[in-house]
Structure formats: structure tokens, C-alpha cells
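Here are some exercises to work through with the model open beside you. Try each task yourself before you read its solution.

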Amino acid sequence: MSYDPSPSYPYQHPPHDASPSYATYPWQPPVPPEPAGQRARRHAALGHHSDLRILRSAYRWQRRTATLTALGYFTLFLILSAFAPGFMTSTVADGLPTGLLLALIQLPVTWLAVGLYEHTARRYVDPIADRIRKESEVNAKREGAARR
């Protein structure tokens with residue numbers, strides 16, 4: 001059996017996004033014509049800007065750093081509690097068990113995670129967000145001046 005490349009049905013369907021040239025419904029308002037006096041944009045739209053991708057990446061890194069700090073320590077504590085009970089019940093100093101000491105250290109580790117979150121926000125995320133905010137303000141002023 002050979003393959004016949006000719007179409008078996010001659011009718012070609014229009015693309016799905018094609019709209020008819022007439023109003024679909026009688027009450028539908030006419031499509032306004034595009035204004036002829038608009039200038040072409042020199043800058044890409046802000047939603048497709050690479051800085052937004054960089055900001056999302058920095059924010060993602062920030063969340064991972066803080067979350068893995070707190071959850072990593074807590075997971076280590078749980079694993080030691082489950083699989084090393086001899087170690088957790090051993091005394092560190094003057095009858096203080098290692099498990100209790102590690103549990104008490106959980107609070108400073110949580111503070112450390114919050115501190116890391118704030119540090120990475122100030123150092124990496126906030127400067128990118130400020131730059132994007134300033135660029136969007138400038139673009140908004142440009143578009144406002146172009147419309148006048």
C-alpha cells in the first residue's frame with residue numbers, strides 16, 4: 001500500500017482563532033479601528049522583561065535558603081530522635097540530655113533562618129525589585145507623555 005500525499009478532503013477549515021468579518025451577534029458593538037497615531041514601542045513589554053525572570057529566580061533562591069535552613073535542622077533533629085535514641089539520651093553536661101539541647105537550639109536556628117531570609121532579601125531581591133519598579137515608573141511616564 002502506498003501513501004497518497006494528496007488531501008482526501010479538499011475543504012480546508014479556517015484556523016480556530018480566526019473570527020468572521022461580520023458581527024456574530026446583532027447586539028455586538030462594532031470593533032473600534034486601531035488608532036493611526038501611535039508610536040511603535042522601543043522597549044519590550046515589562047511582563048516579558050528578563051529582569052522579572054531574574055527577580056523570580058532570586059526570590060526562589062531566597063525562599064529555598066531560609067526554608068532549607070529551618071527544615072533541614074528540624075529534619076536532622078527528627079532523624080536523630082528516631083534512629084539514634086542512645087545519642088539523644090546521652091548527657092552533655094550536668095544531666096542535660098543531647099536531645100533537649102538540640103531541641104532548645106531549634107529556636108536560634110529559626111531566628112537564623114529569618115535572618116538569612118532578610119539578608120538575602122536586602123542583598124539580592126530588593127535591588128532587583130527597586131530597579132524594575134523604577135523602570136516601570138519611567139515607562140509609565142513615557143507612555144503618559146506619548147498619549148498627550
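**Exercise 1.** Decide whether Glu118 is buried, partly exposed or exposed, and find out which side chain meets the side chain of Glu118 in a salt bridge.

*Solution.* 
Step 1. Glu118 has a relative accessibility of 39%. Buried means under 20% relative accessible area, exposed means over 50%, and partly exposed lies in between (1.4 Å probe, protein chains only), so Glu118 counts as partly exposed.

Step 2. The partner is Arg122, at 3.9 Å from N to O. A salt bridge needs a side-chain nitrogen of Lys or Arg within 4 Å of a carboxyl oxygen of Asp or Glu.

Step 3. Arg122 is exposed, at 59% relative accessible area. Helices (H or I, at least four residues) and strands (E, at least two) are DSSP runs, numbered from the N terminus.

A note before you go on: this is a predicted model, in which local features need pLDDT of at least 70 and side-chain atom pairs count only at pLDDT 80 or more, while totals for chains, interfaces and linings use all residues. Residues are numbered from 1 along each chain as its sequence is written, and side-chain values use heavy atoms, with hydrogens and water left out.

**Exercise 2.** How many salt bridges does a search of the whole structure find? Describe the one between Asp130 and Arg133.

*Solution.* 
Step 1. The search finds 2 salt bridges.

Step 2. Asp130 and Arg133 meet through their side chains at 2.7 Å, N to O. Both residues sit in helix α3, 3 residues apart, about one turn of the helix.

Step 3. Asp130 is partly exposed at 34% relative accessibility, and Arg133 is partly exposed at 44%.

**Exercise 3.** Which residues form the largest nonpolar core?

*Solution.* 
Step 1. Recall the term: a nonpolar core is a set of buried Ala, Val, Leu, Ile, Met, Phe, Trp, Tyr and Cys residues joined through side-chain atoms within 4.5 Å.

Step 2. The largest one has 6 residues: Leu55, Ala58, Val125, Ile128, Ala129 and Ile132. Two or more of them come from each of α1 (50-83) and α3 (98-147), and α3 gives the largest share, 4 residues.

Step 3. A second, separate core has 5 residues, including Phe77, Met88, Leu102 and Val109.

Step 4. For the whole chain of 148 residues, buried residues make up 14%.

**Exercise 4.** How do the axes of α1 and α3 cross?

*Solution.* 
Step 1. Two packed helices are described by the angle between their axes and the distance between the axes. Axes are lines fitted to C-alpha atoms, for helices over the stretch in contact, with angles from 0 to 180 degrees between N-to-C directions.

Step 2. Here the axes come within 9 Å and cross at roughly 180°.

Step 3. Angles under 35 degrees count as roughly parallel, over 145 as roughly antiparallel, 65 to 115 as roughly perpendicular and the rest as oblique. Therefore α1 and α3 are roughly antiparallel to each other.

**Exercise 5.** Are Gln62 and Gln106 buried or exposed, and what do they touch?

*Solution.* 
Step 1. Gln62, in helix α1, is buried at 2% relative accessibility. Leaving aside neighbours within four places in sequence, Gln62 is in contact (heavy atoms within 4.5 Å) with Tyr117, Thr120, Ala121 and Val125.

Step 2. Gln106, in helix α3, is buried at 18% relative accessible area. Not counting residues up to four places away in sequence, Gln106 touches Ala70, Tyr73 and Phe74.
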